[in-house]
Amino acid sequence: MTKDKSKLDKEDLEVKDTVTPETEEKVAEKEEKTDKKKSKKETKADEIEELGTKLQEITDKYMRLSAEFDNYRKRTLKEKMELTKSAGEKILLNVLPVMDNFERALKSVDESNDIDGIKEGIHLIYTNFKDFMTQQGVKEIEANNLDFDTDVHEAITKIPAPSEDLKGKVVDCIEKGYFLNDKVIRFSKVVVGE
């Protein structure tokens, strides 16, 4: 047994002799590399998990923003429709007194024989209505004896000019044109001298 024990001791010594500080470093490096491989894999897994979380957050934000925008669009569309329906209400309310005046004038035409009074009443109603239109931003386009301007006039026909100075100018206005806040809403239909 002593021989066996001594053999074992020799083998241990031989193994110890073969394990040098350099080999210990190599073993430690291998262990570090396996740790790094594991840590790289773990790092990649952590990055993937983090990116997945960020993607989920961004997707959630996008879905919320999309729903919020859709609600905004529907709300503004509804407001526009309501505004369009009631936009003329103010104007119509202001036209009603003119309508009342016309009804009174028609009633007085049937009952009265005073033509001058009826004429005066109709002129008052016309003046009242014209003032109302001016308050709303509507103004008449001047045409008679002015140069023909295609931006505001529409030529119906041309006639020989009654005088030399009316050539290329508006001789007669068939239908008045109107501006609404400096925008033409109806062109003047005119006769032009040539």
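**Basis.** I note that this is a predicted model, in which local features need pLDDT of at least 70 and side-chain atom pairs count only at pLDDT 80 or more, while totals for chains, interfaces and linings use all residues. Residues are numbered from 1 along each chain as its sequence is written, and side-chain values use heavy atoms, with hydrogens and water left out.

**Overall layout.** I looked up the secondary structure and found four helices and six strands, running α-α-α-α-β-β-β-β-β-β from the N terminus on; helices (H or I, at least four residues) and strands (E, at least two) are DSSP runs, numbered from the N terminus. Buried residues make up 11% of the 194 residues. The accessible surface comes to about 16800 Å², of which 56% belongs to carbon and sulfur atoms; accessible areas come from the Shrake-Rupley method with a 1.4 Å probe, and for residues only the protein chains shown count as cover. Among contacts (heavy atoms within 4.5 Å) between residues at least 6 apart in sequence, I noted that 60% join residues at least 24 apart.

**Salt bridges.** I found 10 salt bridges in the structure, each defined as a side-chain nitrogen of Lys or Arg within 4 Å of a carboxyl oxygen of Asp or Glu. Lys-176 forms one with Glu-140, the closest N and O atoms being 3.4 Å apart. Lys-176 lies in the loop between β3 (170-175) and β4, and Glu-140 in strand β1, so the pair ties together parts that are 36 residues apart in sequence. Glu-140 is itself partly exposed, at 25%.

In helix α2 I looked at two further pairs. Asp-60 and Arg-64, four residues apart or about one turn of the helix, have their closest N and O atoms 3.2 Å apart in a salt bridge; Asp-60 is partly exposed at 36%, whereas Arg-64 counts as exposed at 58%. Arg-73 and Asp-70 are three residues apart, again about one turn, and their salt bridge has its closest N and O atoms at 2.6 Å. Arg-73 is partly exposed at 40%, and so is Asp-70 at 26%.

**A buried serine.** I then turned to Ser-188, which lies in strand β6 (residues 188-193) and is buried, with a relative accessible area of 0%.

**Positive phi.** I noted two residues other than glycine with a positive phi. Asn-145, with phi near 65 degrees, lies in the loop between β1 (138-140) and β2 (153-159) and is partly exposed at 47% relative accessibility. Asp-182, with phi of about 70 degrees, lies in the loop between β4 (178-180) and β5 (183-186) and counts as exposed at 64%.

Definitions and conventions:
Buried < 20%, exposed > 50% of the residue type's maximum accessible area, 1.4 Å probe, protein only.
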